[in-house]
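Here is a short briefing to read alongside the model. Take a moment to look it over, then follow the points below.

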Amino acid sequence: MDCVFCKIIDGEIPSKIIYEDEDVIAFDDVDPQAPIHFLVIPKKHIKSLDELSESDSSLIGKIFLTIKMIAREKGIAENGYRVVHNIGEDGGQSVAHMHFHVLGGRSLQWPPG
């Protein structure tokens with residue numbers, strides 16, 4: 001498989017990993033759009049939210065609990081942060097592996113663009 005995120009999971013591509021367990025991995029974004037910008041992804045290759053199945057429900061819960069934990073550790077939970085998941089080309093998805101951007105550390109505007 002030629003997936004950049006799978007290569008990060010496998011250690012083939014170096015990344016600044018900030019959290020990892022048997023199901024999820026989190027790492028800093030290589031092109032941060034906010035003072036704090038990290039990604040949380042499942043280790044299981046799932047292309048996007050559109051490909052989730054009922055059997056993935058506990059994995060999604062774990063992803064969001066991981067986001068909450070890291071946001072608290074990084075000190076952005078109190079003032080707020082944004083979680084973004086892009087789906088498909090029109091949604092701005094650039095890597096075909098489900099991933100959640102977490103941005104914080106500054107006031108984020110709406111609409112995002």
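**Overall fold**

The protein has two helices and five strands, taken as DSSP runs (helices H or I, at least four residues; strands E, at least two) numbered from the N terminus. Along the sequence they follow the pattern α-β-β-β-α-β-β. This is a predicted model, where local features need pLDDT of at least 70 and side-chain atom pairs count only at pLDDT 80 or more, while totals for chains, interfaces and linings use all residues. Residues are numbered from 1 along each chain as its sequence is written, and side-chain values use heavy atoms, leaving out hydrogens and water.

**Size and burial**

- The radius of gyration is 14 Å, close to the 13 Å from the globule rule for 113 residues, so the protein is as compact as a globular protein of that length; the radius is taken over C-alpha atoms, and the rule is 2.2 Å times the number of residues to the power 0.38.
- Of the 113 residues, 38% are buried, meaning under 20% relative accessible area with a 1.4 Å probe, protein chains only.

- Five of the five residues of β5 (residues 100-104) are buried, so the strand is largely enclosed by the rest of the structure.
- Phe100, Val102 and Gly104 point one way from β5, and His101 and Leu103 the other way.
- β5 pairs with β3 (residues 36-42) in the antiparallel sense over five bridges, where pairing requires at least two DSSP bridges; Val40 has Phe100 as its bridge partner.
- β4 (residues 81-84) also pairs with β5 in the antiparallel sense, over four bridges, and Val84 stands opposite His101.

Technical notes
Buried < 20%, exposed > 50% of the residue type's maximum accessible area, 1.4 Å probe, protein only.
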